[in-house]
Amino acid sequence: MDLAGSLLATRYRDQDSLPTETRTTALLARISAFIDHHLTDAALDPTAIAA
């Protein structure tokens, strides 16, 4: 349910309506996916992740 709600809220630009826990979980998933996708990039550092 959290994933579906997060996807719909993102699609309709209504993320503020989601519970904090759901938004946090979605953000951590996005960060993890970004890191996994760029793991071989020599420029991957905390600044690149935070951007």
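**Surface patch and loop**

Guide: On the surface, L27, L28, I31, F34 and I49 form a nonpolar patch, with about 390 Å² of accessible area together (Shrake-Rupley method, 1.4 Å probe, only the protein chains shown counting as cover for residues). This is a predicted model, in which local features need pLDDT of at least 70, side-chain atom pairs count only at pLDDT 80 or more, and totals for chains, interfaces and linings use all residues. Residues are numbered from 1 along each chain as its sequence is written, and side-chain values use heavy atoms, with hydrogens and water left out.

Visitor: Which helix gives the most to the nonpolar patch?

Guide: Helix α2, residues 20-37, gives the most, with four residues; helices here are DSSP runs of H or I with at least four residues, numbered from the N terminus.

Visitor: Why is I31 called partly exposed?

Guide: I31, which is placed in helix α2, has a relative accessible area of 31%, and buried means under 20%, exposed over 50%, partly exposed in between (1.4 Å probe, protein chains only); I31 is therefore partly exposed.

Visitor: What makes D45 count as partly exposed?

Guide: D45, in the loop between α2 and α3 (46-50), has 34% relative accessibility, and therefore counts as partly exposed.

Visitor: What does the side chain of D45 reach?

Guide: The D45 side chain reaches the backbone nitrogen of A48 at 2.8 Å. The C-alpha atoms of D45 and I35 are separated by 9.5 Å, although these residues are 10 apart along the chain.

Visitor: How many of the residues are buried?

Guide: Buried residues make up 10% of the 51 in the protein.

Terms used: Patch = residues over 30% accessible without salt bridge, like charges linked within 9 Å, V, L, I, M, F, W, Y side chains within 5 Å. Salt bridge = Lys/Arg side-chain N within 4 Å of Asp/Glu carboxyl O. Helix = DSSP H or I, 4+ residues; strand = E, 2+ residues; numbered from the N terminus. Polar contact = N/O pair within 3.5 Å; in protein donor to acceptor, adjacent residues only side chain to side chain.
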